[in-house]
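Subject: Handover of a structure and the findings on it

Dear colleague,

Please find below the structure that I am handing over to you. My findings follow directly after it.

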Amino acid sequence: QVQLVESGGGSVQSGGSLRLSCVVSGYTYTYYCMGWFRQGSGKEREGVALISSSGTITYADSVKGRFTISQDNAKNTLYLQMNNLKPDDTGLYYCAAGSWSAGASCFGGAWGQGTQVTVSS
């Protein structure tokens, strides 16, 4: 059974940066995509960024130019570098591994427990 464990969340001021990490362990399986979701208070969960097994990267329009997704296969780790953070970026950020995608959302596999990101103005 695959496990995804996120870390790196925290509280920053508007304009600040954070780097999230997601360590993948357990059952070894080549997923079609790996990605990040977020869910703000009172909002639906939304896909933020994903990277496919072929290396194709997709971002939500709201984070283009500010967020960068990457992975280190040797460390089984997925990253999300977040720059120029805004209060609207506040939310619980989840790592996901999946078998299909729609836009910047990666579905059909496993989820982590999430790491909280809070951006103050």
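Two strands are said to pair here if DSSP finds at least two bridges between them. Please keep in mind throughout that this is a predicted model.

Strand pairing around strand 13

By that criterion, strand 9 (residues 91-98) pairs with strand 13 in the antiparallel sense, over three bridges. Within this pairing, Tyr93 stands opposite Thr115 of strand 13. Strand 13 also pairs with strand 2 (residues 10-13), here in the parallel sense and over four bridges. Gly10 has Val117 of strand 13 as its bridge partner.

Strand 13 itself, which spans residues 115-120, has two faces. Thr115, Val117 and Val119 make up the covered face, whereas Gln116, Thr118 and Ser120 make up the uncovered one.

Disulfides

The structure contains two disulfides. Counting the bonded cysteines along the chain, their pattern is 1-3, 2-4.

One of them links Cys22 and Cys95, with an S to S distance of 2.1 Å. Cys22 belongs to strand 3 and Cys95 to strand 9, so this pair ties together parts that lie 73 residues apart in sequence. The link is left-handed, with -75° about the S-S bond. Cys22 and Cys95 are both buried.

The other disulfide joins Cys33 to Cys106, again with S to S 2.1 Å. Its S-S torsion is about 95°, and the disulfide is therefore right-handed. Because Cys33 is in strand 4 and Cys106 in strand 11 (residues 105-107), the pair ties together parts that are 73 residues apart in sequence. Cys33 has a relative accessibility of 1% and so counts as buried; Cys106 is likewise buried, with a relative accessible area of 1%.

Salt bridges

How many salt bridges does the model contain? The count comes to four, and I describe some of them here.

The side chains of Arg38 and Glu46 meet in a salt bridge with an N to O distance of 2.7 Å. Arg38 counts as buried, because its relative accessibility of 5% is under the 20% limit. Glu46, at a relative accessible area of 30%, is partly exposed.

Arg66 and Asp89 form a salt bridge through their side chains, at 2.7 Å from N to O. Arg66 lies in the loop between strand 6 (57-59) and strand 7, and Asp89 in the loop between strand 8 and strand 9, so the pair ties together parts 23 residues apart in sequence. Arg66 and Asp89 are both buried. Through salt bridges that share partners, Arg38, Glu46, Arg66 and Asp89 are joined into one network.

A further salt bridge brings together the side chains of Lys64 and Asp61, with 3.1 Å from N to O. Asp61 is exposed, its relative accessible area being 64%.

The largest pocket

The largest pocket holds about 470 Å³ of space. It is lined by 21 residues, of which Val24, Tyr29, Met34, Asn73 and Asn76 are the closest to its centre. Which elements give two or more residues to this lining? They are strand 3 (18-25), strand 4 (33-39), strand 5 (46-52), strand 7 (67-72) and strand 8 (77-82). By class, the lining has 10 nonpolar residues, 10 polar residues and one charged residue.

Two asparagines with positive phi

Asn76, one of the residues closest to the centre of the largest pocket, has a phi near 50°, a positive value in a residue other than glycine. Asn76 is found in the loop between strand 7 and strand 8. Its relative accessible area is 45%, and Asn76 is therefore partly exposed, given that the exposed class begins over 50%.

Asn84 also has a positive phi near 50°, and is a residue other than glycine. This asparagine sits in the loop between strand 8 and strand 9, the loop that also holds Asp89. With a relative accessibility of 41%, Asn84 counts as partly exposed.

With kind regards

Definitions and conventions: Residues are numbered from 1 along each chain as its sequence is written. This is a predicted model: local features need pLDDT of at least 70, side-chain atom pairs count only at pLDDT 80 or more; totals for chains, interfaces and linings use all residues. Side-chain values use heavy atoms; hydrogens and water are left out. On a 1 Å grid over the protein atoms alone, a cavity is a set of points where a 1.4 Å probe fits but cannot get out, and a pocket is an open set with protein on both sides within 12 Å along at least five of seven lines; lining residues have an atom within 4 Å of a point. Grid points are joined across faces, edges and corners, and a volume is the space filled by probe spheres set on the points. Ala, Val, Leu, Ile, Met, Phe, Trp, Tyr, Cys and Pro count as nonpolar, Asp, Glu, Lys and Arg as charged, and the others, Gly among them, as polar. Buried means under 20% relative accessible area, exposed over 50%, partly exposed in between (1.4 Å probe, protein chains only). A disulfide is a pair of cysteine sulfur atoms within 2.5 Å.
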